[in-house]
Every structure is written in C-alpha cells, then in structure tokens.
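Please work through each task before reading its solution.

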Amino acid sequence: MSFYFLFFKQDKAKSDLFLGLLLLSLSIRIGKSVFYNFNPQLSKTYLQIGLSACFLIGPLLYFYVRSILQNLNDSFAKRTIILIVVTISVFGFLFPYMENPVLWRGVVYYLINIQWLIFIVLSIYESRYIFKKLVTNRSQISYYDIWILSIICGVFAIWLSYFLARYTSYISGALTFSFSFYISFLLIYYAKNKALISTINKEKYANKIDEKLVEEIQKKIDLLFEARKIYTNPDLTLSVLAKELNIRPQLLSQFINDNLNKSFTQFINEYRIDEAKRLLKDSTQLKIEAVGFESGFNSSSTFYSSFKKITGTTPSNYQKE
C-alpha cells in the first residue's frame with residue numbers, strides 16, 4: 001500500500017505522499033516487532049531502524065491530516081521531515097543501539113512515545129470538526145471524513161498497543177496494525193457502498209415531473225435562495241427545504257435527482273461554494289475557515305474538499321487569483 005501511494009497511484013496529491021510515507025514508517029516499525037517476536041536474537045541494527053521509524057509516524061500523520069484538509073504549509077512540512085531524518089541519522093551514528101541499548105530502551109523509547117502522542121493530539125485537534133460531526137450530525141460525515149477518522153484512530157490504537165506492550169504482548173502492535181487496517185477498509189467500503197445505493201435509488205423514480213412543474217420548482221428555489229440564502233444554514237435538510245418551498249419532500253428529491261442529476265448535498269454545496277467564492281473576493285478580512293462556516297459548511301474539512309471538488313482549486317489559491 002505504501003508503494004502504491006508513493007509510486008503507482010495516478011494523479012497523486014500531496015496527501016497521498018504523506019500517507020505512503022506514513023504507511024512505510026508504520027510497516028518498518030511493525031516489521032521490526034514481528035521479526036523480533038520470533039527471533040529475539042535479531043541484530044540490534046534492525047531494532048534501531050525500527051525505533052527510528054517511530055519518530056516519523058507522528059509528524060507524518062499530522063502532515064497527512066493537514067494536507068487532506070488543504071491546510072498544509074508545504075515548506076514547513078518538508079523542513080520538519082528533513083530535520084527529523086537528519087537528527088535521527090546523526091544520533092543513531094553517534095549512539096548506535098548496539099553500543100547503547102540502555103539509552104535506546106530508556107530515554108529514546110520514552111521520547112518516541114511522547115512525541116508520537118503529541119502529534120496524534122495535534123492531528124485530532126486539526127480534525128476536531130470531524131469528531132464533533134461524528135457526535136452531533138453523523139449524516140453529514142463524508143468519505144474523506146471517514147478516512148481521516150479511521151487513519152487517526154488506527155494510529156492511536158497502534159501507539160496505545162505499544163505503550164501498553166509491557167503489560168500485554170510485544171506482538172500486540174502488529175496485531176493492532178492489521179486490525180486497524182481492516183477496519184479502515186471496511187469503513188471505506190461502507191461509505192462507497194452507501195454512495196452506490198444512493199445512486200441506484202435515483203433510478204427508482206418511474207414518472208417524470210411535468211416541465212411546467214420543473215420550471216415552477218426551480219423558480220421557487222431561485223427566489224428563496226436569492227432572498228434568504230437559506231443554503232448557508234449548516235443544518236439545512238431536504239425536508240426543511242421542501243417545507244420552505246411548500247412542496248412534498250419526495251417531489252423535491254425527485255426534482256434534484258432526476259432533473260438536476262445531483263444529490264441533495266451536491267446541490268446545496270454548489271450554492272455554498274458560490275457564496276464562498278464571493279466572500280473570498282469581497283471579504284478578504286475573513287479567514288478562509290470562517291468563509292466556510294459563513295457559507296454554510298459545518299466543518300473546515302468538508303468546505304476544503306467540496307471547494308476543491310467543484311472548482312478544481314483550493315480556497316486560498318482561488319483568493320490569490
């Protein structure tokens with residue numbers, strides 16, 4: 001999977017590179033655990049490499065989350081990764097595990113756990129709106145939200161299993177890695193399958209809406225959206241909009257699905273993105289995150305992903321154009 005994201009995936013994004021490096025670091029760390037579990041006489045060099053990889057897991061997770069949320073400072077991330085690699089290499093050369101096993105098992109091991117946990121906490125903070133949405137409004141969780149949640153929770157589970165290894169088993173980290181990865185793919189499968197069911201449901205409408213009624217519904221929507229900008233309400237649902245338009249929810253759903261060939265979320269988000277584009281140009285004093293909330297998005301991650309999907313660029317790049 002690491003090699004796929006690093007070398008074989010087409011149209012690679014920056015987030016794919018960080019995910020590939022994260023999986024590579026985890027695999028090195030987990031691989032060392034597996035080999036050592038079955039061969040306690042394993043060379044200390046392999047133990048040093050495995051522990052060294054741990055220093056990269058936390059930062060790579062953090063930068064992956066920020067990159068997928070379109071909130072990454074590229075130069076800072078690059079300098080940080082290079083600094084960590086150089087520092088680990090120099091320290092490992094001056095104080096190799098083979099000659100300083102007590103140092104690596106003591107101070108270095110605790111530094112790894114502390115640093116790893118700090119970056120997990122920072123990653124959770126960056127995606128706090130997704131966790132909030134998980135509690136308050138699960139129906140708004142997107143495919144990208146599920147992926148971010150599964151990656152963060154999976155890495156945390158691996159950290160926890162290693163932190164508690166002295167009370168359980170050394171191989172628990174490897175088992176947790178496998179379990180976390182399986183859960184991640186099950187979640188993604190569920191998200192994609194749910195989207196597929198939604199697409200199939202669109203085909204269930206047998207009767208087309210009369211053209212005059214289509215024009216009437218569109219006119220009502222245009223007047224309502226222009227007068228009240230109801231799409232900026234983050235809690236707007238199909239039922240609420242249908243009530244405002246004084247039409248049946250089933251009719252509105254059929255109009256959006258059949259006549260506009262869109263989902264309700266896509267339909268509303270397009271209006272929200274138009275509003276965001278206006279704010280980015282006219283209200284430059286607003287932070288980009290604030291623009292997303294003003295436009296009706298209830299999380300910065302959804303705003304960034306929707307904006308890029310619809311416009312092909314990021315909010316910050318659009319504002320600079």
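**Exercise 1.** Which residues form one aromatic cluster in this predicted model?

*Solution.* The cluster consists of F18, Y62, F63, F76 and F119. A search of the whole structure gives 22 aromatic pairs.

**Exercise 2.** Classify the ring pair of Y4 and F5, and then that of F91 and W104.

*Solution.* Step 1. A pair of aromatic rings is described by the distance of the centres and the angle of the planes.

Step 1. For Y4 and F5, the centres are 5.2 Å apart and the planes stand at 65°; because planes over 60 degrees apart count as edge-to-face, this pair is edge-to-face. Y4 is partly exposed at 39% relative accessibility, whereas F5 is buried at 8%.

Step 2. For F91 and W104, the centres are 5.7 Å apart and the planes at 55°, so the pair is tilted. F91 belongs to helix α4 and W104 to helix α5, so the pair ties together parts 13 residues apart in sequence. F91 is partly exposed, with a relative accessible area of 29%, while W104 is buried at 1%.

**Exercise 3.** Describe the largest nonpolar core and the contacts of V155.

*Solution.* Step 1. The core has 44 residues, of which L19, L22, L61, Y64, W116, I151 and V155 touch the most other members.

Step 1. Two or more residues come from each of α2, α3, α4, α5 and α7; α3 gives the largest share, 13 residues.

Step 2. Beyond its neighbours within four places in sequence, V155 contacts L22, L26, I57, L61, W116 and I120.

Technical notes:
Residues numbered from 1 in each chain as written. Predicted model: local features only at pLDDT ≥ 70, side-chain atom pairs only at ≥ 80, totals over all residues. Heavy atoms only, no water. Core = buried A, V, L, I, M, F, W, Y, C linked by side-chain atoms within 4.5 Å. Buried < 20%, exposed > 50% of the residue type's maximum accessible area, 1.4 Å probe, protein only. Helix = DSSP H or I, 4+ residues; strand = E, 2+ residues; numbered from the N terminus. Contact = heavy atoms within 4.5 Å. Phe/Tyr/Trp six-rings, centres within 6.5 Å; stacked < 30°, edge-to-face > 60°.
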